[in-house]
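Here is a friendly walk through a structure, for a reader who likes to keep the model open alongside the text. Please have a look at it before reading on.

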Amino acid sequence: MKLKRPPKSQWEQAGIVTILVVICVVIALLEPRFLSRSNLLNVLRLSAILALATYGQAVVIIGGGIDLSIGSIAAMVSVLSAMMTSTLGIIPGFVIGVLVGAALGGINGVLISQFRVPAFIATFGMLVYAEGIANYISKGAPIEFMPEGFGFLGSGYIGPIPVPIIIAVMMFILVHLLLNRTKLGRCLFAIGGNDRATWLSGVDVGKYRISSYVSSGVLTGLAALVLTSRINSGQANIAPSLPFDTIAAVAIGGISLYGGEGKLIQAVLGATIISVINNALNLINVSTYVQMMVMGGVILIAVSFDNLRRSGSKKSLLVRAGEISGLEPPK
Amino acid sequence: MKAIIKNYWSSLGIPIIIAFLFIFFSIISTNFATADNIRNIMRQASMLMLASFGQTFAVISGGLDISVGSIVALASVVTAMGTLKGGILLGCLAGCVCGALLGATSGFFIAWFRVNPIIATIGMMSLARGLAFFLTDGIPITGLPKGFAWIGSGYLWFIPVPVVIALLILGLLYFLLSETVFGRNTFAFGGNEESARLAGINVKLYKLLAYMASGLLAGIAAIVISSRANSGQATLGYGLTLESIASVVIGGTRLFSGEGSVTRAFMGAIVITILGTGMDLAGISPYIRQITLGVIIVIAVMLSKIRSHKGGY
């Protein structure tokens, strides 16, 4: 079924690409080091990692939810996979990492759909207690001394291309097919647009919701594995700002935070912009503190802008009131 | 029968929990039930109470304030700087204004640009924390005048000053929220914005005011906390956000429903403080404490949904 889109969506995409190009040009002028081969490869690697996590966030947001727990799911996956790698080997370690991500995502999904906990609270809670668990298990210290070959996922190459990029592209294809060619995808778009109506038409909203959060967990787990591999150690604080970065990426990319619409390429563009900005700030030697401030500002501005753009959409009074008052989703 | 239990639980539930926790921790740790520790608990609880009162405003408006801890950090730095420049009074004023301004900024984005409150306050969280570190490079601001420490560590007769402040503000807010037009209007739109707007209430303004109040109370909390630490630090307030949400939720307030109660936040803060202090004294890892808080929040929200039977789709 075709859902309502904001007008001129092709123009919007062209607009975002333009913004990305402009930002890159400005940075290159200010700091020529940006264009160095090693730096560009680094940016591509990091944006591939962020893109993986952003795919997950995009899937959840399209389905009408949100996932604030991404940073702590990454923490758990990083710590557990590193620990398991030390004892069981690299492949089992990675597999366990993905499974942990799926399991945590599943917990989120069940809490949200079966127990009616609002998505913000369930995932915020997971953000808090999963970080605690990850820290507790790792005793607050990084897990080092990984076996040879562990770093392949994060730092290796297949031919001339860094592995993370290959993974990001592969997952892009997979998730794109999932969103646009499967029942799960189509139902997620419907649920995000109007979950009550979708439920009334007989769709098992709960099942698909849980699936979206499991997908997010798996994709976050992948991102965490690549990152863990890159720094060759498992840490609880591997990606503390990940949930915020992914939300900012989704918003900048132009996907509505209300759900019901979105193209995966927007997630890629958003993730790239965020990574480029982060990299630029690093290059200009701006302190971490200012980076935090900038990211905070970016989130506020990006989402405001997005809302302003969308204020013309004619959602029914009932649906709007429901959104604003935070009515819970049906089972 | 169920109805009777529900009724009693609503009013007696939390005092029962407080008593239970108190007894529990006294058994586990010998030095829990000492006069010293109780005074300490009262002091700690007062600081959390102030932050929780602010969080209550955000909850009444139908959202949440994730930036509480970070506002405390920045307000603490501003207070210290102001005190060094122009005396304690100026410092405190600066801290309050800082908190109020930050809250108003969040409120502005939430009300006028319809940014989701949680996302907006997350943005503010990064902004405020970053600015606090930027101003101080992470180094505490010390050398504050002698009188400053009295606010956080002193006594009025035999009562710790923070307790007096918290109780005074509790009384003020209770009156404000239940007896004034401002209070009535503040409660009006959290549950159903559209009907409040149709009733003629300036929803945008009140939303902004709610977050401004939250920021202001965070600023006041910052003054007390900085005074206790006798310095302004950008590292303060970590965990305060979480604890303030936990206090509100354990107090029995339902989230995203336009309800809230400063008295419930008051009692919730006592529970959370006893829990935290008790765990510390018993030598339980701070990570376990974090896990407990997160789980408590989720479970409490779950229970409140079950209790309310809301949303019969």
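## Chain B and its partner

For a chain of 313 residues, a compact globule would have a radius of gyration near 20 Å, and chain B, at 19 Å, agrees with that. Please keep in mind that this is a predicted model. The C-alpha trace of chain B spans about 60 × 50 × 35 Å along its principal axes. Its secondary structure consists of 13 helices and 2 strands. Of the 313 residues in chain B, 55% count as buried. The contacts can also be sorted by sequence distance: among those in chain B between residues at least 6 apart, 79% join residues at least 24 apart.

| Helix pair in chain B | Axis separation | Crossing angle |
|---|---|---|
| α3 (68-86) and α5 (117-136) | within 8 Å | roughly 30° |
| α4 (88-112) and α10 (203-229) | 6 Å | about 150° |
| α7 (161-179) and α12 | within 9 Å | roughly 150° |

Let us start with α3(B) and α5(B). Their axes cross at roughly 30°, which makes α3(B) roughly parallel to α5(B), since angles under 35 degrees are classed that way. The crossing of α3(B) past α5(B) is left-handed. On the α3(B) side, the contact is made by B:Ser70, B:Ile71, B:Ala73, B:Leu74 and B:Val77, while α5(B) brings B:Met125, B:Ala128, B:Arg129, B:Leu131, B:Ala132, B:Leu135 and B:Thr136. By class, these residues divide into 9 nonpolar, 2 polar and 1 charged.

Next come α4(B) and α10(B), whose axes lie 6 Å apart at an angle of about 150°. That angle makes α4(B) roughly antiparallel to α10(B), because the class covers angles over 145 degrees. Their crossing is right-handed. The contact of α4(B) with α10(B) has 20 nonpolar, 8 polar and 2 charged residues.

The last pair is α7(B) and α12(B), with axes that come within 9 Å and cross at roughly 150°. Here too the angle makes the helices, α7(B) and α12(B), roughly antiparallel. From α7(B), the residues B:Leu170, B:Leu173, B:Tyr174 and B:Leu177 meet B:Val262, B:Thr263 and B:Phe266 of α12(B). This contact of α7(B) with α12(B) holds 6 nonpolar residues, 1 polar residue and no charged residues.

**A glutamine to look at**

Is B:Gln55 buried or exposed? It has 32 C-beta neighbours inside 10 Å and therefore counts as buried, the threshold being 20 or more. B:Gln55 sits in helix α2 of chain B, which runs over residues 35-60. Leaving aside residues up to four places away in sequence, B:Gln55 touches B:Asp65, B:Val68, B:Ser214, B:Ser244, B:Ile245, B:Val248 and B:Ala265. B:Gly260 is 205 residues away from B:Gln55 along the chain, yet their C-alpha atoms are separated by 9.4 Å.

**Two phenylalanines with positive phi**

B:Phe256 has a positive phi of about 55° although it is not a glycine. This residue belongs to the loop between α11 (240-250) and α12 (262-281) of chain B. With 21 C-beta neighbours inside 10 Å, B:Phe256 counts as buried.

In chain A, A:Phe145 is likewise not a glycine and has a positive phi of about 60°. It is part of the loop between α5 and α6 (152-155) of chain A. A:Phe145 has 9 other C-beta atoms within 10 Å and is exposed, since 12 or fewer is the cut-off for that class.

**Where chain A meets chain B**

How many residues does each chain bring to the contact? Chain A gives 43 residues and chain B gives 42 residues. On the side of chain A that touches chain B, the elements giving two or more residues are α5 (119-137), α9 (195-200), α11 (242-253), α13 (288-310) and α14 (317-325) of chain A. The most comes from α13(A), with 13 residues. By class, the residues on this side of chain A divide into 29 nonpolar, 10 polar and 4 charged.

Definitions and conventions:
Residues numbered from 1 in each chain as written. Chains lettered and ligands numbered in written order. Predicted model: local features only at pLDDT ≥ 70, side-chain atom pairs only at ≥ 80, totals over all residues. Contact = placed C-beta atoms within 7 Å. Helix = DSSP H or I, 4+ residues; strand = E, 2+ residues; numbered from the N terminus. Nonpolar A, V, L, I, M, F, W, Y, C, P; charged D, E, K, R; others polar. Rg over C-alpha atoms; globule rule 2.2 N^0.38 Å. Axes fitted to C-alpha atoms, helices over the stretch in contact; angles between N-to-C directions. Parallel < 35°, antiparallel > 145°, perpendicular 65-115°, else oblique. Left-handed = near helix turned anticlockwise from the far one by under 90°.
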